Amino acid sequence: LISAAEAVRRVGAGWRQETSSRGLLSQLAIYRSALGLDEMQDIELCQLHRAEMDSKDPAVCLRFEPNSNEVYLFALIVVVSLLVVAAFMSGVAFVVSTANAKRRLLKEKEDALENIVTKGLATIRQLGYPMALIGAKDFMNLTSDELQRCHEGLRDVGLLRVLDTTEEISIFHEMDNVIVFFSYHWPSYDRLGPDDVQRHAMVHSLRLYSEKNGVDLDHVWVWLDIISIPQKHRGIQLLAINSLYVYAYSVDVLIIIAPETVHQQTGQKLGIDSYKNRVWTRVEQVAHLSAHGIDSLYLYTPTGLEVVDKKWLMDVIHVFNGQTSCCARRHEDFDACDRESLVLPLVGLYYRVAAAERRGVDRNEGTSTLYEILENDRSSIFPQTFEYVKVVDGKEVRQKKILFGDLLQRVDKHLQQFDVETLSELIHYQPTVSTPVASMRLAPMSPCSFNGVQSLTMSGLFPKEGLDTMVENAAEAEDSVGCMISITSSSELMEVKM
């Protein structure tokens, strides 16, 4: 008897001996046959016993090796396929990214347009800066030097009547006051406001208007740009410019002052033709027309006030074909072009006129006349772009800048989108009702004070109730500071000036 380990050893030794003598492949075939298994295929033998197969016949296994060219081709196909997939995915990502970017830019553009239209609407429904007026008699008595003190100087000496809200403007009209708006061409780059010839025409026109309409000059008030718009603070000045429509809506009459005179710097003869060709005067006329129609738009002549006709309007309706001082001087010492500052009020004006004529919101003779003209040549009257010219380092630089762009299309969308009630709310004045209080100004040290005179002015619209106490207090002050009190009555309110 032998142990199991010895038996295993002897079997293994016998297998190796037989394998060595018969060969591995023959021994494998005998073994599989004894076990009832099929013979192995050549490809299997090549994979398991390549050395033995090559020693028997080297050509057998070569049949099963892949062709090197086929390998390279397969590898190339795989690589190219991966690249194509990667490129496709990159393309898809690019298209998606571009589409998202376009949507984002379009939304930003839409938001920007909406923001500008909203601001434009604000110019016709909000009083961005108070309405500052001067009494006709005070205006007529001003010297040229006093007039040159402009808004700030006349404010400091208390010659201005300041209406802070649209409600105060309405009350002011209820007191039988009439507001005259003077429109004219500045005859100088350096000297603000009208020259002596124009000033004389303004004074004469006030007398003519008073006589023609039977209005006492004590109830006539003047709106003049250098008096009514701040001249020193650009930011506040823009607020007043953006209130142009509210001013135009609030006045009773616009008088065109265009006597023959000469421009101080250029020597150009000024008159009706030069007046018609100014951007600012065109805007003033269009704004007045949209609010009141043509019947209160007068041209001053030495013999009387003449109502302008539709032919006149056709000459001035193309606002931006007119001239500006900033463009004439190629924007030397100008931060921006006046044309750009007029976009907001004119967008608001167009919105107002189009809403009136298309949707019937506060339609009047002025909106009808103006809309007919505007729609016939809208793209020219409201140009999308303009050429901005500026001198930089002695060289003239020309730049195409956006003016109205797609703003009017956005207005069109508003008019289609909103119902009449919503449009009416968007266009009408915002209520600015507040408790009436006095407006007080003291100018003891102002460089604009006339002849060094100290002045204290106090004016306001007050309810009749409780007015007695205020008058008594003012009377006590009269003894110490010299105070004049005048009271003008209204149905429920009283105007007090001290």
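Modeller: Let's start with valine 84, which sits in helix H6, the stretch covering residues 68–125. Keep in mind that this is a predicted model.

Now for the largest pocket, whose volume is about 1,100 Å³. It is lined by 38 residues, and the closest to its centre are Arg234, Gln237, Trp280, Phe334 and Asp338. Several helices have a hand in this lining: H13 (234–241), H14 (244–250), H16 (279–292), H18 (325–328) and H19 (338–341) each bring at least two residues. H13 gives the largest share, with five residues.

Last stop, the aromatic rings. You describe a pair of them by how far apart the centres are and by the angle between the planes. The count here comes to ten aromatic pairs. One of them joins tyrosine 275 and tryptophan 312: the centres are 6.4 Å apart and the planes are at 40°, a tilted arrangement. Tyrosine 275 belongs to helix H15 (residues 272–276) and tryptophan 312 to helix H17 (residues 310–316), so this pair ties together parts that lie 37 residues apart in sequence.

Notes: Residues are numbered from 1 along each chain as its sequence is written. This is a predicted model: local features need pLDDT of at least 70, side-chain atom pairs count only at pLDDT 80 or more; totals for chains, interfaces and linings use all residues. Side-chain values use heavy atoms; hydrogens and water are left out. On a 1 Å grid over the protein atoms alone, a cavity is a set of points where a 1.4 Å probe fits but cannot get out, and a pocket is an open set with protein on both sides within 12 Å along at least five of seven lines; lining residues have an atom within 4 Å of a point. Grid points are joined across faces, edges and corners, and a volume is the space filled by probe spheres set on the points. Helices (H or I, at least four residues) and strands (E, at least two) are DSSP runs, numbered from the N terminus. Rings of Phe, Tyr and Trp (its six-membered ring) pair if their centres lie within 6.5 Å; planes under 30 degrees apart count as stacked, over 60 as edge-to-face and the rest as tilted.
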